[in-house]
Amino acid sequence: QSGCKFERVLIIDKDLKNTNDRTWCFWTEQKNNWFNSLIFKRWQTLVFRSALFEKKMAISPYNYCMVRGIDFYNYCLTIIKNDKRFDWLTDNIENVYTESAFAYLKTANKLYSANYLFNSAFRTPLIKKNHSNLTQHFKGYVIETPQPLFDESLATFMDFSVQQQNDCRFVYVLPISKHKALIEYTGFSDEALKDEVYDVSLKEYIEQRIGISHYTITETEKGEIPMLESTFVNTHGNKIINIGIAGNAAKASSGYAFYFK
């Protein structure tokens, strides 16, 4: 849709992109955009909470919006499959590099060359001493309850009343319906937590903080976003262009990576 002219594009990914493996949330005050049909849920009222402070806030004219990974994948894949210029390959990417004026990509099974390669698989940060180089790490559950326990018009953004453990930790509660919500435990620290720590913390928050004893976990998601004072560099040569987080697209102070203008 950009109007950029090209003849053929090969997209390589290790996943089929056929599951709801992640959720993107973002702020916007715009009403009509290409992504409107992908917005799964919007909130205009948020609650912020810490150990000593709590406030409910109306955020109009802004909306806090959720896009589910599976909806985004289906949207993009439908367009790609109907455009003969695109090919889709599922394989493990092992290396990318520039040689003799061409970009090369090596998978477990084959070597590919192209005029240009757009890389989001390999992140190469230039870490400097005395810089703050943290990671934002998280794990979330989508839970479903037998009873209608959630106010779907009110999102918890953010709850810092949880134990900080000498880090910066908080929880999101994003109600999807009266029976369902995404609850995400998030931290900013030198490294991510062990999986069981997220699970214990999420279970404790759901059962003790929210007071829900009977629920079903229908989906899980987990990820990391670099929060670097250092910067990402391109070590792959001039025929390779880093994109996404590999291209330093995430804001180091918050992890937000969407920008519409």
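The model is predicted.

Start with the open sheet of three strands ordered β2-β6-β3, which pair in the antiparallel sense. Its edge strands are β2 (23–28) and β3 (39–43), and each of them pairs on one side only. From one strand to the next, the twist averages 25 degrees. Helix α1 (residues 69–81) packs on this sheet. The helix touches β2, β3 and β6, and its direction makes about 65 degrees with that of β6. Within the sheet, six bridges hold β2 and β6 (residues 63–68) in antiparallel pairing.

β8 and β9 (residues 102–107) run antiparallel and are joined by six bridges. Y97 has Y104 as its bridge partner in β9.

Strands in a sheet pair through backbone hydrogen bonds, whether parallel or antiparallel.

Now turn to β4 and β5. A hairpin of four residues joins β4 to β5. The two strands run antiparallel, with five bridges between them. F48 finds its bridge partner K55 in β5. How many of the five residues of β5 (residues 54–58) are buried? The number is zero, so β5 lies largely in the open.

Next comes the interior. Nonpolar side chains tend to be buried together in soluble globular proteins. The largest nonpolar core here has 20 residues. Those that touch the most other members are W43, L46, Y64, M66, F157, Y172 and L174. At least two residues of this core come from each of β6, β13, β14, β15, β16 and β17. Another core, of 15 residues, lies apart from it; V171, Y198, Y205 and I212 are among its members.

Leaving out residues up to four places away in sequence, L46 touches W27, K55, K56, M57, I59, Y64, L154, A155 and F157.

Which residues of α2 are buried? They are Y198, S201, L202, Y205 and I206. Y198 and Y205 also belong to the core of 15 residues. The cover over the buried residues of α2 includes β4 (45–49), β13 (133–144), β14 (154–159), β15 (168–175), β16 (180–189) and β17 (216–228). Just after the helix, G211 takes a positive phi of about 85 degrees.

Finish with L126, found in strand β12 (residues 125–126). L126 is partly exposed, because its relative accessible area of 41% falls between the 20% limit for buried and the 50% limit for exposed. Beyond residues up to four places away in sequence, L126 touches S230, T231 and V233. L126 and A58 are 68 residues apart along the chain, and their C-alpha atoms are separated by 40 Å.

How values were computed. Residues numbered from 1 in each chain as written. Predicted model: local features only at pLDDT ≥ 70, side-chain atom pairs only at ≥ 80, totals over all residues. Heavy atoms only, no water. Buried < 20%, exposed > 50% of the residue type's maximum accessible area, 1.4 Å probe, protein only. Contact = heavy atoms within 4.5 Å. Pairing = 2+ DSSP bridges. Axes fitted to C-alpha atoms, helices over the stretch in contact; angles between N-to-C directions. Core = buried A, V, L, I, M, F, W, Y, C linked by side-chain atoms within 4.5 Å.
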